[in-house]
Amino acid sequence: MPAHDTLLSLVNAWELDENAHLNVQFYFSRFEESERQFRLMTGFSESLVGARRVRHVRYHHEAQSGTLLRVSAYVCFDGPHILTIVHEMRDATSGTLIATAIDGYNPALEAARTLRTRFKDSQGPMPEAAAPRGLSATPASLRSTLDGILGSGAEISHRATVLSRHLGADGKADDGFVLGCFTEAAPFVWERTPLNRATLASMQAGRVAVEMKLSWAGPVKAGDSVIVASGITGCQASTFSMRHHLFEARTARLVALCDAVVLPMHQETRKAIKLGADHREAILRIKMD
């Protein structure tokens, strides 16, 4: 089988969000561990393919407390990037697909044949379920400045300090840390819209992300302070999108950027609630330029 089982895990009660399902930061943490294990199993490394340009996650099914998780990973050459690593997270009991992640790499084109041979025992086809849907596959531009995005309509939404517990094996803050920052920031973006806490409570609704795309611009390490600036980027019939920018606070250097497609979900039916025309108009009025 081309896919390697890279992670066996359990959803802990302390990892749940307001909707009583796994918080997005812990999906990213598990996909990051899946990547580490895949590298160990296959010899995959940045020296062969360069640094990861983007991680694109789609959420397909809720993972509630006690759910057993199984993650598998394989190389894909027919995906949206020159080289794509596909991660699939499933309910280990039922086999239900819970979430997918695709990691995008951009190795030299002339290296493609060599890479196909090297990873011939770890290859698989690009699954439709993992393909980008509400967000483009292309990595976001990493040229944003703090002053520039604040001038375009973004607002400060979170501040934090990198601690030793946030570091990966390379001594740099990992995906879990930045997603934790963006998780803290997101409710403040929602609060700027008509779908604030009071409105959501009256609708018996919670805030849900259905797709996210993370791009790193540079590292941060223990002791660095960071600042998040966020804003609205679009609105559809049932969803709207936001973008979070994380900067190193002292120098205003861009560290990471995350796009998210979100929606209100009814807490009892667990179904998306369609946005009203008045809500869409109000959300678009605060869209970043």
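Modeller: Tyr59 is buried, with a relative accessible area of 14%. Buried means under 20% relative accessible area, exposed over 50%, and partly exposed in between, with a 1.4 Å probe and protein chains only. Tyr27 also counts as buried, at 3% relative accessibility. This is a predicted model: local features need pLDDT of at least 70, side-chain atom pairs count only at pLDDT 80 or more, and totals for chains, interfaces and linings use all residues. Residues are numbered from 1 along each chain as its sequence is written, and side-chain values use heavy atoms, leaving out hydrogens and water.

The structure holds 6 aromatic pairs. Tyr27 and Tyr59 form one of them, edge-to-face, with 4.9 Å centre to centre and 75° between the planes. Tyr27 sits in helix 1 (residues 24-42) and Tyr59 in strand 2 (residues 54-59), so the pair links distant parts of the chain, 32 residues apart. Rings of Phe, Tyr and Trp (its six-membered ring) pair if their centres lie within 6.5 Å; planes under 30 degrees apart count as stacked, over 60 as edge-to-face and the rest as tilted. Helices (H or I, at least four residues) and strands (E, at least two) are DSSP runs, numbered from the N terminus.

Next, Trp190 and Phe240 pair edge-to-face: 4.9 Å between centres, 65° between planes. Trp190 belongs to helix 5 (residues 175-190) and Phe240 to strand 9 (residues 240-248), so this pair ties together parts 50 residues apart in sequence. Trp190 counts as buried at 2% relative accessibility. Phe240 is buried, at 1%.

Finally, ring pairs link Phe38, Phe44, Tyr105 and Phe119 into a cluster.
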